[in-house]
Structure formats: C-alpha cells, structure tokens
Amino acid sequence: KVETAFLRVPLGQRQITDSQSKVDEVEFLTVRLHTDAGPGWIGAPDLWGGIGGLPNSKGEGIVVAVIDSGVNVPHPHLPDVAGGLGLDLQGREKDDYVDRLGHGTAVAAAIHEKAPEAELFVVKVFEDRLATSVPTLIRAIDRAMDHGARIINLSLGTPKDLRRSHLEAVVERTRAHGVLLVSAREHDGVT
C-alpha cells in the first residue's frame, strides 16, 4: 500500500533581532513523498495496538497536545478541539491559536483520524512561517504538560545542534512526568 509522507527540507536561515531578543529562524520547504513504509517507519502500528504503555483505544481519556501552527475548526477532518493558546517568538501567551499556514490543522486532523476520542489541545508556535525560537518551543511543551497532555506532538525540527542541550532538558522533563513526546527524527543533520 502506498501512503503519503511529508519531508521538511531546510531552505535557509536568518536571525531576527528586535528590541528584546535575537531569534534564529529556519525556513522549510515541505515535500510530499509517496512511500510504502508509511506509519510503520516510526512504529505507529505498535502504539495503535497498545504497545508502549498506551491502551488500545480511540484515545478515550487521553489529552494530546499539538504544538504547531494552530488549527482551523470546524474542519471536514477535524470537527473540534478542546482548546488552545498561542505563543509569540518571545514566548508571550496569546489567545489566538487559529492556523494561517495549514500545517497544524493537517497534523491535528491526522491525530484525530487515529484517535477520534482524544482531547486535542493546541499550542500555536508558528505564525506566518514554519519557524519559532527554542525558548518558545520549550515554553509550549511546558504549557502542554500544564494542561495535562499525556502525548505531545512536535512535527518540526532544527538543523542547529547547539539547541540540543536546551531541548534535551525539556525532553527529560516530559519523560519524568510520564509524557510521550512524539517528534521528527534526525535526518541529515536536522533534528
């Protein structure tokens, strides 16, 4: 069976400087691939079948946080979410979690397809492009845990290895709280 997969390729990088901070920003090109590997690549069928400490269910009683570009609801493939928030590049919280890029809505819809009874909580970290700061990403993960997320999805990555130590600390925090963090796997230097 041929399935569609998406690959994000870094196009370039620039620094944004404002009166309060410097932020590295990476722009990505999203490429659609057709593959026969599909979700099996990442062991998803095992998780869907109840391996890994998760029940074999449709998501009943599980809060899944989607950290991405927000969501547009209602949507034909995503009728509703349980709530959300937005964070700007400096990590300041806002009420707007409307998706203007489409990526977060697609990710949330894919999760909803496999776990239609899960409670989806959205943390918007992308505004007008698929780029954010590492401190904002860390705050988003912490806010997702504050909301009770048992699973946090990050469909994103960074080509900067120097960010690894900052991200490892928050990954360890999620593990200590019993939260499953699902993210892109390192590929050609992009983690």
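## Val122 and its strand

Helices and strands here are DSSP runs, numbered from the N terminus, and a strand needs at least two residues in state E. On that basis, Val122 sits in strand β6. Keep in mind that this is a predicted model.

Is Val122 buried or exposed? Buried means under 20% relative accessible area, and Val122 comes in at 1%, so it counts as buried. Its contacts, leaving out residues up to four places away in sequence, are Val66, Gly70, Val71, Val81, Gly83, Gly84, Leu85 and Tyr97. Take Gly84 from that list: it is 38 residues from Val122 along the chain, yet the two C-alpha atoms are separated by 4.3 Å.

## The chain as a whole

Zooming out, the protein chain has four helices and eight strands. Read from the N terminus, the order is β-β-α-β-β-β-α-β-α-β-α-β. The chain has 191 residues, and 38% of them count as buried.

A few totals for anyone who likes to start with numbers. The accessible surface is about 10700 Å², with 52% of that belonging to carbon and sulfur atoms. Among contacts in the chain with a separation of 6 or more, 75% come from residues 24 or more positions apart.

Strands in a sheet pair through backbone hydrogen bonds, and the pairing can be parallel or antiparallel. In this model, six strands make an open sheet with mixed pairing, and the order across it is β5-β4-β6-β3-β7-β8. Which strands stand at the edges? Those are β5 (93-94) and β8 (180-183); each has a single partner strand, so one side of each has no neighbour in the sheet. Helix α2 (residues 103-114) packs on this sheet, where it touches β3, β6 and β7 (151-154), and its direction makes about 155° with that of β3.

Now back to β6, the strand that holds Val122. With β3 (residues 63-68), β6 (residues 119-124) runs parallel, and six bridges join the two. One place to look is Ala65, whose bridge partner in β6 is Phe121. With β4, the pairing of β6 is again in the parallel sense, over four bridges. Here Leu85 stands opposite Val123 of β6.

Strand β4 covers residues 83-87, and four of its five residues are buried, which leaves the strand mostly covered. Its pairing with β5 is antiparallel, over two bridges. Within that pair, Gly86 has Lys94 of β5 as its bridge partner.

Most residues other than glycine have a negative phi, and most peptide bonds are trans. The hairpin of β4 and β5 has five residues between the strands, and Gly91 there takes a positive phi near 85°. The bond joining Val73 and Pro74 is a cis peptide bond, with omega at about -5°.

## Two histidines in α2

Helix α2 holds both His103 and His112. Each counts as buried: His103 has a relative accessible area of 18%, and His112 has 18%. If you set your burial cut-off differently, note that the threshold used here is under 20%.

What does His112 touch, leaving aside neighbours within four places in sequence? The contacts are His77, Leu78, Pro79 and Leu120.

## How α3 and α4 pack

A pair of packed helices is described by the angle between their axes and the distance between those axes. For helix α3 (residues 134-146) and helix α4 (residues 164-176), the angle is about 5° and the axes are 10 Å apart. Angles under 35 degrees count as roughly parallel, so α3 and α4 are roughly parallel to each other.

Which residues make the contact? From α3 they are Val134, Leu137, Ile138, Ile141, Asp142 and Met145, and from α4 they are His166, Leu167, Val170, Arg173 and Thr174. Sorted by class, the contact has seven nonpolar, two polar and two charged residues.

Methods: Residues numbered from 1 in each chain as written. Predicted model: local features only at pLDDT ≥ 70, side-chain atom pairs only at ≥ 80, totals over all residues. Heavy atoms only, no water. Axes fitted to C-alpha atoms, helices over the stretch in contact; angles between N-to-C directions. Parallel < 35°, antiparallel > 145°, perpendicular 65-115°, else oblique. Contact = heavy atoms within 4.5 Å. Nonpolar A, V, L, I, M, F, W, Y, C, P; charged D, E, K, R; others polar. Pairing = 2+ DSSP bridges. Buried < 20%, exposed > 50% of the residue type's maximum accessible area, 1.4 Å probe, protein only. Areas by Shrake-Rupley, 256 points an atom, 1.4 Å probe, with all protein chains shown as cover.
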